[in-house]
Structure formats: C-alpha cells, structure tokens
Amino acid sequence: MSDDTLRVRLLFVDDGEYRRESVRIPAAALDDYPRLIDCLLEDDAVLKRLHLDADRLCAAYVEDPDDD
C-alpha cells in the first residue's frame, strides 16, 4: 500500500453539540469501496488508524487538498 493519505473531515453530533474532526486515511483504502462510509467502517488499514463513533457520525467527506 502506498504512503499517500487523504484528509477526511468528519462531523459528529452529541446531545445537540456538533464537533468537526479531520483525520488521515490511506488513499489506496478508498479504492476498494464504493462509498467513503464503507471504507471508514470496514477497511483494516483505516481501522488501525482511528476509532470511528458511527452512532454519532453525521457526515464524512474527503477534503480538497488545495484547502491546506
């Protein structure tokens, strides 16, 4: 697997409070899944990097690398 990563923005809600978080996942991991959420919940390489609270997750999207 390549060392290239993608920055993913996650939006969580808990008791009406919203929290945003950016994480990095292996870019190649996304190639194996039709949807980002499937990649975040199922890919072993991604799961080794982060714990995802799927019950509180509202949105997830790949951030534009030009927004750095």
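## Terms and model

A residue is buried when its relative accessible area is under 20%, exposed when it is over 50%, and partly exposed in between (1.4 Å probe, protein chains only). A salt bridge is a side-chain nitrogen of Lys or Arg within 4 Å of a carboxyl oxygen of Asp or Glu.

This is a predicted model, in which local features need pLDDT of at least 70, side-chain atom pairs count only at pLDDT 80 or more, and totals for chains, interfaces and linings use all residues. Residues are numbered from 1 along each chain as its sequence is written, and side-chain values use heavy atoms, with hydrogens and water left out.

## Salt bridges

Side chains of opposite charge can pair when their charged atoms come close. By the rule above, the count is six salt bridges.

One of them joins Asp 38 and Arg 35, with 2.9 Å from N to O. Asp 38 is buried because its relative accessibility is 15%, while Arg 35, at 49%, is partly exposed.

Another joins Asp 53 and Arg 56, at 2.7 Å from N to O. Asp 53 has a relative accessible area of 25%, so it is partly exposed. Arg 56 is also partly exposed, at 35%.

Glu 63 and Arg 7 form a salt bridge of 2.2 Å, N to O. The two residues are 56 residues apart: Arg 7 lies in strand E1 (residues 5–14), and Glu 63 in the segment after strand E3 (57–62). Strands (E, at least two residues) are DSSP runs, numbered from the N terminus.

Glu 63 is buried, at 11% relative accessibility, whereas Arg 7 is partly exposed, at 23%.

Terms used
Helices (H or I, at least four residues) and strands (E, at least two) are DSSP runs, numbered from the N terminus.
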